[in-house]
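Try each one yourself before you read the solution.

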Amino acid sequence: MTQDIPELDRLIACPNCDALHLDMPVPDGARARCLRCHTVLKAPRADAMTRIVMLAATALILMVAAVFFPFLDLSTHGLSHDSSIFDTVMAFSEGLLFPLTFAVGALIVVLPAVRLIALLYAIGPMMIGYTPARHAIPAFRLAQALKPWAMAEIFIVGTAVALVKIGGMATVSLGAAFWAFVALVLVTTLKDTFMCKLTVWKTMEERIR
Amino acid sequence: MMSATQTAAPDRDDGGARVQTARAAGLVACTGCGRVHRPDQTRCLRCNARLSSRDATSLQRVWAWWLAGLIAYIPANLYPMLRTTTMGHETASTIVGGVVELIDYHSYGVALIVFGASVVIPIAKFIAIAYLAYSVQFRRGKKGVLARQHLYEVVEFIGRWSMIDVFVVAILSSLVQFNFVASIHPGIAAVSFASSVAFTMLSAQSFDSRMIWDANEAVET
């Protein structure tokens, strides 16, 4: 049954529809799509590893600034109140809403940060030296699994909506952390455009042997 | 028997190409990294993910999370999302109430974003996941396979954006704290809404998209 199939490591199967393809080299900047469902299988970019590591490190530094610097400052009738992202997370820390504290904190700070650290750990050593770190495989798998749960960009849109809602009743000024957060979202998005999952996995596989 | 394999050529787009699947070739593929294995392999040799040709319990998990999400979505709409206290007078607003308030302030664009994220997307997502699971379960669809694949991608991409309203509540209640003059507190609906979004995300993630294509494959072979 399988004798007319080439060696298994020369094949790739589309993760979306299971169609088999011969794994051909794809030039940097080009995309290889699945013939049947058109899912992008590979989209390698030049110097991707260096760029991913640099951008992930930048995002991580911005994250620290975003968490502790003042985020928004609200003033009305001579009263003023500023809050950091840390305060935002703690907004739910009373009564029944306590579990939401963990959820919101996880979605906007902890999971994005863990994802960045996992990526740095998985790809960093491969960029600097040659061999990946010891637990690079689970680290990269963790980074992939966390992708839908890191919601920093959604938080920014939520901030915009919140600003409109209170715009009528008070004056709001944007703090340094707000801009750090916007920059963080942009840097993270840029980093993701350099990320070709399949190329990273293959590179890791080759270098672990 | 069709030709063994196709090549993954850059930027080629032959719609409806006849391909062989890993399952039809008696192999098992990793959905994490695309590596192909002999059927007796249980863990991927490249990324160590658990392998399964088709996830037999996938639909059960899809329906379980779907139902959990639907149940959580009901109190999310009935109970208040925000409790606003101004000069000792408390008003509570639900999700839809919040949208109506925004319309009253003539912030139509923002009202549309909140309405889309908190009402349209969740409901559309319930319908879309149910339709996908139903169509796969009863082998109805040999047509519209590509359309259903796109639908699945859209559901996976857009589902997380429903969280907007939960973040709005978090920001407002941390910011508007002027004791007697004005203060905003989160309502219980924030918890059920956040759970509903998380459950439907898990429902969509449990869905094995390869099943969409299986019915199609049976016709072609």
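**Exercise 1.** How much space lies in the second largest pocket, and what lines that pocket?

*Solution.* Keep in mind that this is a predicted model.

Step 1: start with the volume. The second largest pocket holds about 240 Å³ of space.

Step 2: go to the lining. There are 14 lining residues, and those nearest the pocket centre are A:Arg45, A:Asp47, A:Ala48, A:Met49 and A:Thr199.

Step 3: find the helices involved. In chain A, α1 (48-68) and α7 (197-208) each give at least two residues to this lining. The largest share belongs to α1(A), with 4 residues.

Step 4: You get 8 nonpolar, 3 polar and 3 charged residues.

**Exercise 2.** At what angle do helix α5 and helix α6 of chain A pack, and which residues meet?

*Solution.* Two packed helices are described by the angle between their axes and by the distance between those axes.

Step 1: get both values. For α5 (residues 152-167) and α6 (residues 176-193) of chain A, the angle is about 135° and the axes are 9 Å apart.

Step 2: name the arrangement. With that angle, α5(A) is therefore oblique to α6(A).

Step 3: The crossing of α5(A) past α6(A) is left-handed.

Step 4: list who touches whom. From α5(A) come A:Ala152, A:Glu153, A:Phe155, A:Ile156 and A:Thr159, and they meet A:Phe178, A:Phe181, A:Val182, A:Leu184 and A:Val185 of α6(A). Sorted by type, the residues of this contact are 8 nonpolar, 1 polar and 1 charged.

How values were computed
Residues are numbered from 1 along each chain as its sequence is written. Chains are lettered from A and ligands numbered from 1 in the order in which they are written. This is a predicted model: local features need pLDDT of at least 70, side-chain atom pairs count only at pLDDT 80 or more; totals for chains, interfaces and linings use all residues. Side-chain values use heavy atoms; hydrogens and water are left out. On a 1 Å grid over the protein atoms alone, a cavity is a set of points where a 1.4 Å probe fits but cannot get out, and a pocket is an open set with protein on both sides within 12 Å along at least five of seven lines; lining residues have an atom within 4 Å of a point. Grid points are joined across faces, edges and corners, and a volume is the space filled by probe spheres set on the points. Ala, Val, Leu, Ile, Met, Phe, Trp, Tyr, Cys and Pro count as nonpolar, Asp, Glu, Lys and Arg as charged, and the others, Gly among them, as polar. Axes are lines fitted to C-alpha atoms, for helices over the stretch in contact, and angles run from 0 to 180 degrees between N-to-C directions. Angles under 35 degrees count as roughly parallel, over 145 as roughly antiparallel, 65 to 115 as roughly perpendicular and the rest as oblique. A crossing is left-handed if the near helix is turned anticlockwise from the far one by less than a right angle, and right-handed if clockwise. Contact means heavy atoms within 4.5 Å.
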